Amino acid sequence: MTDPAALRPAAGDASFFDAVEIVRRTRDGLELAGAELDWLVAAYTDGRVAEEQMAAWLMAVYFRGLSRAELARLTAAMVASGERLELSGLSRPTVDKHSTGGVGDKVSLVLAPLVASCGAAVPQLSGRGLGHTGGTLDKLEAIPGWRSNLTAEEIVDQLERVGCVICAAGPTLAPADRKLYALRDVTATVESIPLIAASIISKKVAEGTGSLVLDVKVGSGAFMRERERAEELARTMVSLGLDNGVRTVALLSPMDVPLGRRVGNALEVAEAVEVLSGGGPLDLVEVTLALAQEMLALAGIDADPSAALRDGSALATWRRLVHAQGGDPDAPLPRASYVETVAAPRSGVVERLDARAVGTCAWRLGAGRARKEDPVSAVAGVVCLAKPGEEVRAGEPLLELHAEDPSRLARARGALEGAVVVGDEPPPPTPAILGRIAGDR
Ligand code: URA
């Protein structure tokens, strides 16, 4: 524990605030001044505010929330804690997309080259997976040679040459978020809408994008299981993006069933390439095109993204992207040595295929990690051979489980208990997009 006396401001020193008083004010539902938030974030980032004081403040925010002005100022302070990418010199308009995460969500892999092939610059600074949802960087690293760590100069150069980049957000980008996120993770304060919004938007503002489309997932495999909470998160992030000068729109999309048919790193790259080649599963194509249309509209580009999938231009940009980041677009993707199937228990129609269970199964097979520093398997994952609404016969394979370590198969199978229901009634069709939230100004 830090000695609290060392953290108290010197009497009469106006450049310091009292962390204890700040915690007390938020705890009691009183609004903080902008300068207090600036100080709190800066002083926490450089170690003058103790972990336990920040933990108490985060819990106060969890219960009390923040006003719109407080949230905008907190986010601006998080951006100011590090460097900002300077993209204003690019010849193309910049637009990015952020997904709140789901199972089989490989949309970013298609979207960045697709929207770039229509004339925008897409700076996708992405993360890794944690828990049952996958991470874009883990997926791309299944491509032999792929490099996720780029310098700021490389990012700007590639955006100009190729039109898109998908790389890791470096440690100098919104470092306050890095520290705050780690603290939230161990203090049960992750699931706070203002804190999630500040975390996501601060990184997008720091990355320098002019426009942003948010894909807020709703359902069993998502962060937000209830529609109401997902809508509140979407509204909060849209206002916050606008308050920080980023044109922002959110789409709500379903995540009760895995997106597409493949879940796992190399498996998802292969499915993304199918979509870029003009094929792929319909649910994945629909959500990708809806997001692409929003991105192009925000960037002020009049183009038809479905034509770019059909005429090969999106695929050509994907090949340039892979090549620019050290990969070989023609190299075969790695494949699992062990593949087991799960058979249909009866004949009928698939009524349910639970996204969270499939995500957990893929994670246990080795596709995801339990701790940030764990390695992931490129080949592990699940292939959904039948999805809700499709007919199956008793004994036919429903799912394929892929692993490089066969000892993982039994425990992974356990995650699927009750996850697949085969019955007589096809479920009602689910729309690709559940709603759209744009700014109130
Ligand atoms: N993703 C983020 O980047 N931050 C959060 O707080 C939650 C999800």
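Strand 8, residues 348-353, runs antiparallel to strand 12, and I find 4 bridges between them. This is a predicted model, so I keep an eye on confidence as I go.

I picked one bridge to look at. V349 has G423 as its partner in strand 12.

Which strands form it, and in what order? It is an open sheet of 3 strands, ordered 10-8-12, with antiparallel pairing. Strand 10 (391-392) and strand 12 (420-423) are the edge strands, each pairing on one side only. A reminder to myself: strands in a sheet pair through backbone hydrogen bonds, either parallel or antiparallel.

On to the ligand. Which residues are around it? I list Y181, R184, I196, S199, I200, K203 and F223. Sorted by class, this shell has 4 nonpolar residues, 1 polar and 2 charged.

I then looked up the polar side chains facing the ligand. For R184, an N or O atom of the side chain sits 2.9 Å from a ligand oxygen. S199 has a polar side-chain atom 2.6 Å from a nitrogen of the ligand. With K203, a polar side-chain atom is 2.5 Å from an oxygen atom of the ligand.

How much of the ligand does the protein bury? The ligand taken alone exposes 240 Å², and 83% of that is buried by the protein.

Where does the shell come from? Helix 9 (175-185) and helix 10 (193-207) are the elements giving two or more residues each. Helix 10 gives the largest share, with 4 residues.

Last, I checked confidence. The chain's average pLDDT is 93, and 96% of the residues score at least 70. Residues 1-14 are another matter: pLDDT stays under 50 there, and the model has 13 contacts for this stretch beyond four places in sequence. Where pLDDT is low, the predicted coordinates should not be read in detail. I leave residues 1-14, with pLDDT under 50, out of my close reading.

Key. Residues are numbered from 1 along each chain as its sequence is written. This is a predicted model: local features need pLDDT of at least 70, side-chain atom pairs count only at pLDDT 80 or more; totals for chains, interfaces and linings use all residues. Side-chain values use heavy atoms; hydrogens and water are left out. A residue is near a molecule or strand if one of its heavy atoms lies within 4 Å of it. A polar contact is a pair of N or O atoms within 3.5 Å; within protein, one must be able to donate a hydrogen and the other to accept it, and residues adjacent in sequence count only if both atoms are side-chain atoms. Accessible areas come from the Shrake-Rupley method with a 1.4 Å probe; for residues, only the protein chains shown count as cover. Ala, Val, Leu, Ile, Met, Phe, Trp, Tyr, Cys and Pro count as nonpolar, Asp, Glu, Lys and Arg as charged, and the others, Gly among them, as polar. pLDDT is the predictor's confidence in each residue, from 0 to 100. Contact means heavy atoms within 4.5 Å. Two strands pair if DSSP finds at least two bridges between them.
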